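Here's a quick tour of a protein model, taken one topic at a time. Have a look at the structure, then read on.

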Amino acid sequence: MENLWRLATGQDPNPEDYQGIDFWSNPERTGWLTKQGDYIKTWRRRYFVLKQGKLLWFKDPTTAASPTGVPRGVIPVSDCLTVKGAEDVLRKPSAFEISTPNSTMFFLADSDKEKEDWINSIGRAIVQHSRSLADNEVVDYDSSRR
């Protein structure tokens, strides 16, 4: 039933969102988080992997450890505007949120330390991604002079 709902609402990630990412090999961060659903606001425990500027989640670590595994979802860090604590919003301990231009997603970590570690790791990935974009932008100031 859940798979039918995911197909009908377009929740399955596009393979292009994670193509070329060896998420099963040397990820930057992995672990369990509880994520609030996008449409049906239930909480589900998922296994998360942060790698190469993508936050991917899986039903279990076995799927995440397999080259043939398919993530349940993907958030490109390039889409992230903020990552911050959300205990005051959700009134739940160890809560944090990730905001993109289109949505705000909520997560629960197993402890405050885990929450801070995830916030720091995702924040670092956002900064690294923005730096790599800035490094690739070449401005030719001489081209406007005549």
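Does Glu116 count as buried, exposed or partly exposed, and at what relative accessibility? Glu116 counts as partly exposed, at 37% relative accessibility. Keep in mind that this is a predicted model.

## Salt bridges

A search of the whole structure finds six salt bridges. Lys115 also meets Glu87 in a salt bridge, this one at 2.6 Å, N to O. Lys115 sits in helix α4 and Glu87 in helix α3, so this pair ties together parts that are 28 residues apart in sequence.

Lys113 is exposed at 58% relative accessibility, and Asp117 is partly exposed at 22%. Salt bridges with shared partners link Arg29, Lys113, Glu114 and Asp117 into one network.

## The nonpolar cores

On to the greasy parts. The largest nonpolar core has 19 residues, and the ones that touch the most other members are Leu55, Ile75, Phe96, Ile98, Phe107, Trp118 and Ile122. At least two residues of this core come from each of β2 (43–51), β3 (54–58), β6 (95–99), β7 (104–108) and α4 (112–136). Helix α4 gives the largest share, five residues.

Take Leu55 as an example: leaving aside residues up to four places away in sequence, it touches Phe48, Val49, Leu50, Gly73, Val74, Ile75, Ile98, Trp118 and Ile122. Another core, of six residues, lies apart from the largest one, and Tyr47, Leu56, Phe58 and Ala64 are among its members.

Most residues other than glycine have a negative phi. Gln52 has a positive phi of about 50 degrees, although it is not a glycine. Gln52 is found in the loop between β2 and β3, and it is partly exposed, with a relative accessible area of 46%.

Arg91 isn't a glycine either, yet it has a positive phi of about 60 degrees. Look for Arg91 in the loop between α3 (87–90) and β6. Arg91 is exposed, with a relative accessible area of 72%.

Notes:
Residues are numbered from 1 along each chain as its sequence is written. This is a predicted model: local features need pLDDT of at least 70, side-chain atom pairs count only at pLDDT 80 or more; totals for chains, interfaces and linings use all residues. Side-chain values use heavy atoms; hydrogens and water are left out. A nonpolar core is a set of buried Ala, Val, Leu, Ile, Met, Phe, Trp, Tyr and Cys residues joined through side-chain atoms within 4.5 Å. Buried means under 20% relative accessible area, exposed over 50%, partly exposed in between (1.4 Å probe, protein chains only). Helices (H or I, at least four residues) and strands (E, at least two) are DSSP runs, numbered from the N terminus. Contact means heavy atoms within 4.5 Å. A salt bridge is a side-chain nitrogen of Lys or Arg within 4 Å of a carboxyl oxygen of Asp or Glu.
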